[in-house]
Amino acid sequence: MLTIITNGRILTPKGWIENGWIIFDAEKIIDIGEGDMPCNCDKIIDAKGNYILPGGIDTHVHGGGGHDFMEGDEEAFRIAANTHLRHGTTAIYPTLAAASKEIILKAAATTEKLMAEPNSTIMGLHLEGPYFNITMAGGQIPEYIRTPDRDEYTDIIEKTSCIKRWDAAPELEGAIEFGRYVSSKGIIASIAHTTAGYNEVKAAYDAGYSHATHFYNAMTSVHKKREFKYEGTIESIYLMENMSVELVADGIHVPPAILRMVHKFKGVERTCLITDAMGCTASNSTTLYDPRTIIEDGVCKLSDRSALAGSIATMDRLIRTMVQKAEIPLADAVRMASETPARIMGIYDRKGSLDVGKDADIIIMGENLELQGVWSMGQEVEL
């Protein structure tokens with residue numbers, strides 16, 4: 001069955017197509033063009049002049065719909081992934097906060113099972129920790145935070161095939177060896193929850209760390225020790241020209257002016273958008289996996305207000321925030337939500353842009369960037 005969406009402004013790798021149409025089957029994009037429809041398709045959808053865009057790819061997301069991926073079971077994974085799908089995330093990397101080895105292996109087994117299903121939106125597992133600097137724990141559960149254990153992480157990687165990214169603080173003992181090992185296995189090594197300065201960030205970069213987790217959050221900036229100033233993690237990452245970063249673009253974790261600054265200095269090709277969403281996202285639930293956390297001011301916090309602990313954002317909100325609050329061009333905001341994460345995670349050959357032969361992961365957004373429709377692998381999603 002062929003579906004065509006017509007009468008829309010289509011964002012393609014070559015730019016915008018005005019009065020465009022896109023044809024797709026049950027999985028792939030068949031053709032894209034401008035003007036009159038080229039064929040009689042089985043289903044015709046009028047985009048009514050709205051934006052036709054690639055679906056979002058969330059590489060850092062902890063849950064949604066009332067469930068956290070730390071629960072580790074199929075029901076939690078399906079509900080959370082489908083919740084974000086209804087908000088424009090057509091490819092997702094379930095993320096575990098700092099956790100025990102047992103929790104990691106349980107979640108990995110579930111990830112691998114669901115990845116094997118036809119047309120799954122689950123692309124792999126992201127481990128945010130547990131090898132962090134305890135002084136920068138933020139919303140992480142302190143009891144799970146530890147230094148890199150070679151026997152532990154090599155055993156986990158040998159027993160699994162779904163881990164696509166693993167975050168750590170590079171200043172910890174054993175963290176450079178950890179970065180070399182995981183990157184040698186094709187896993188993205190990312191800097192996170194850290195006090196690393198320039199020399200430590202440079203050593204990490206040279207050892208294979210290529211990404212920075214929730215940039216500006218849970219890391220240091222320029223600071224004083226007595227009468228002298230020292231660079232922080234943030235300035236050091238800016239100086240690693242090819243190191244990519246991610247932003248929790250809810251307008252709260254990172255103020256709009258800084259979102260704009262990252263866009264200016266790191267650029268679209270090195271910046272991706274993430275939700276860092278907690279389990280209560282897009283649900284009526286106020287129960288969080290970590291009982292120390294609360295929802296307040298449109299964000300998750302530790303109950304003592306000492307740190308943020310994740311967002312309640314969805315992919316459509318990220319795009320709106322970047323455009324309407326940070327004043328980023330729509331094309332750039334969408335690319336940071338789709339193309340850039342696809343390139344970082346190595347799936348750009350099939351996802352991340354609207355192009356012939358790629359997966360039919362498509363969203364429609366209105367003039368005010370409200371979500372109008374979602375298709376995942378050519379299948380329309382009920383919003």
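The dialogue below goes through these features one by one.

Analyst: This is a predicted model, in which local features need pLDDT of at least 70, side-chain atom pairs count only at pLDDT 80 or more, and totals for chains, interfaces and linings use all residues. Residues are numbered from 1 along each chain as its sequence is written, and side-chain values use heavy atoms, with hydrogens and water left out.

User: How many cavities of 30 Å³ or more are there, and which residues line the largest cavity?

Analyst: Rolling a probe the size of a water molecule over the atoms shows where empty space is left. Here a cavity is a set of points, on a 1 Å grid over the protein atoms alone, where a 1.4 Å probe fits but cannot get out; lining residues have an atom within 4 Å of a point. A volume is the space filled by probe spheres set on the points, which are joined across faces, edges and corners. The count is one cavity of 30 Å³ or more, and the largest has a volume of about 50 Å³. Its lining consists of Pro54, Gly55, Gly56, Ile57, Thr90, Arg350, Lys351, Gly352, Ser353, Asp359 and Asp361.

User: Is Thr89 buried or exposed?

Analyst: Buried means under 20% relative accessible area, exposed over 50%, and partly exposed in between (1.4 Å probe, protein chains only). Thr89 counts as buried because its relative accessibility is 1%. Thr89 belongs to strand β9 (residues 89-96); helices (H or I, at least four residues) and strands (E, at least two) are DSSP runs, numbered from the N terminus. Beyond neighbours within four places in sequence, Thr89 contacts Gly56, Asp58, His84 and Met315, where contact means heavy atoms within 4.5 Å.

User: Where does Ala282 lie?

Analyst: Ala282 sits in the loop between β17 (271-274) and β18 (293-296). With a relative accessible area of 43%, Ala282 is partly exposed. Residues up to four places away in sequence aside, Ala282 touches Gly65, Thr83, His87 and Thr314.

User: Which residues of helix α4 are buried?

Analyst: An α-helix has 3.6 residues a turn, so residues three or four places apart point the same way. In α4 (residues 175-184), the buried residues are Ala175, Phe178, Gly179, Tyr181 and Val182. Their cover includes α3 (150-159) and α5 (198-207).

User: How many bridges join strand β2 to strand β3?

Analyst: Two strands pair if DSSP finds at least two bridges between them. Strands β2 (residues 15-24) and β3 (residues 29-34) run antiparallel and are joined by five bridges. Phe24 has Ile29 in β3 as its bridge partner, and a hairpin of four residues links β2 to β3.

How values were computed. On a 1 Å grid over the protein atoms alone, a cavity is a set of points where a 1.4 Å probe fits but cannot get out, and a pocket is an open set with protein on both sides within 12 Å along at least five of seven lines; lining residues have an atom within 4 Å of a point.
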